[in-house]
Amino acid sequence: MENVDKICPICRKHPITLPNGVCSVCYHKVKTQADWNTTEWGKIENHGLDAIIVLAKYILDEIEDDDQHQWHQRRICFMQDMVEHLDKQYFPNATIQQINDFAYSAVDFWKGKITGQEATEQLQSMRKVLQKDIMKLSDWEPKDFLLWMMMLEDDFDWMWDQWFECIHACIPDKCNDELWIRMFHKHFPNEIKAWVDNNNNDATNKPG
């Protein structure tokens, strides 16, 4: 049964089809990509298909970077924007200024505006500021979301691939999912549109 009150957050064209968080068109597009993994698809059929899973894993996960790390820079800018909008309670002991300065420094580092030594020093300093979140709902802590912005790209790639075990799990508040989706569309509109418009389900579109 379709929920006529909610439009699919992926294609923004069709109503979502319960129990999924996406429309039937996007659902079947993902099924074509995931049909090789029967175990994974079995879980999706039982619990429904989440829009953030589609965006992070099936649309943006397999995009390849170039020698200038332009794709990675865009991912870091995405995270910097997310940091500005997230509740600062996720990062105990750090001031808003410290959090924002660190996020902007990560952007500068990946754009070559500060050295690796400077980035390492800022990373070590921020690690000392942030405390362990004893109220965390997963093995991953919100502070990890912030600190990973300075990590090596290969390590970040693994975390991006393991989205729900890592990055998304750091911010478990479901009411934030609307923010995640909005930020995905803000930072990666061409990649999302290419996937939506591509009837062949080619998920390896190069960043524009």
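Student: Which residues in α10 are buried?

Tutor: This is a predicted model. In it, Asp177, Leu179, Trp180, Ile181, Met183, Phe184, His185 and His187 of α10 are buried. Helix α10 spans residues 177–187 and is mostly covered, with 8 of its 11 residues buried.

Student: What covers the buried residues of α10?

Tutor: The cover includes α3, α4 (70–85), α7 (142–147), α8 (153–161), α9 (167–170) and α11 (189–197).

Student: Take Phe184. Leaving aside neighbours within four places in sequence, what is Phe184 in contact with?

Tutor: With that exclusion, Phe184 contacts Ile52, Leu55, Ala56, Leu60, Phe78, Trp160, Trp163, Pro189 and Ile192.

Student: And which residues touch the most other members of the largest nonpolar core?

Tutor: Phe184 is one of them, along with Ile10, Phe78, Leu146 and Ile167; that core has 68 residues. Helix α3 (residues 51–59) supplies the largest share of this core, 7 residues.

Student: New topic: α5 and α6. How do their axes cross, and within what distance do they come?

Tutor: The axes of α5 (residues 96–110) and α6 (residues 116–129) cross at roughly 155° and come within 11 Å. Because of that angle, α5 is roughly antiparallel to α6.

Student: Left-handed or right-handed crossing?

Tutor: Left-handed, for α5 passing α6.

Student: Which residues meet there?

Tutor: From α5, they are Gln98, Ile99, Phe102, Ser105 and Phe109. From α6, they are Gly116, Ala119, Gln122, Leu123, Met126 and Val129. Sorted by class, the contact of α5 with α6 has 7 nonpolar residues, 4 polar and no charged ones.

Student: What about phi at Arg12?

Tutor: Arg12 is not a glycine, yet its phi is positive, about 55°. Arg12 lies in the loop between β1 (2–7) and β2.

Student: Is Arg12 buried or exposed?

Tutor: Exposed, as the relative accessible area of Arg12 is 51%. The cut-off for exposed is over 50%.

Student: And what is phi at Asn93, and where is that residue found?

Tutor: Phi of Asn93 is positive at about 80°, and Asn93 is not a glycine either. Asn93 is in the loop between α4 and α5. With a relative accessible area of 52%, Asn93 is exposed.

Conventions: Residues numbered from 1 in each chain as written. Predicted model: local features only at pLDDT ≥ 70, side-chain atom pairs only at ≥ 80, totals over all residues. Heavy atoms only, no water. Core = buried A, V, L, I, M, F, W, Y, C linked by side-chain atoms within 4.5 Å. Buried < 20%, exposed > 50% of the residue type's maximum accessible area, 1.4 Å probe, protein only. Helix = DSSP H or I, 4+ residues; strand = E, 2+ residues; numbered from the N terminus. Contact = heavy atoms within 4.5 Å. Axes fitted to C-alpha atoms, helices over the stretch in contact; angles between N-to-C directions. Parallel < 35°, antiparallel > 145°, perpendicular 65-115°, else oblique. Left-handed = near helix turned anticlockwise from the far one by under 90°. Nonpolar A, V, L, I, M, F, W, Y, C, P; charged D, E, K, R; others polar.
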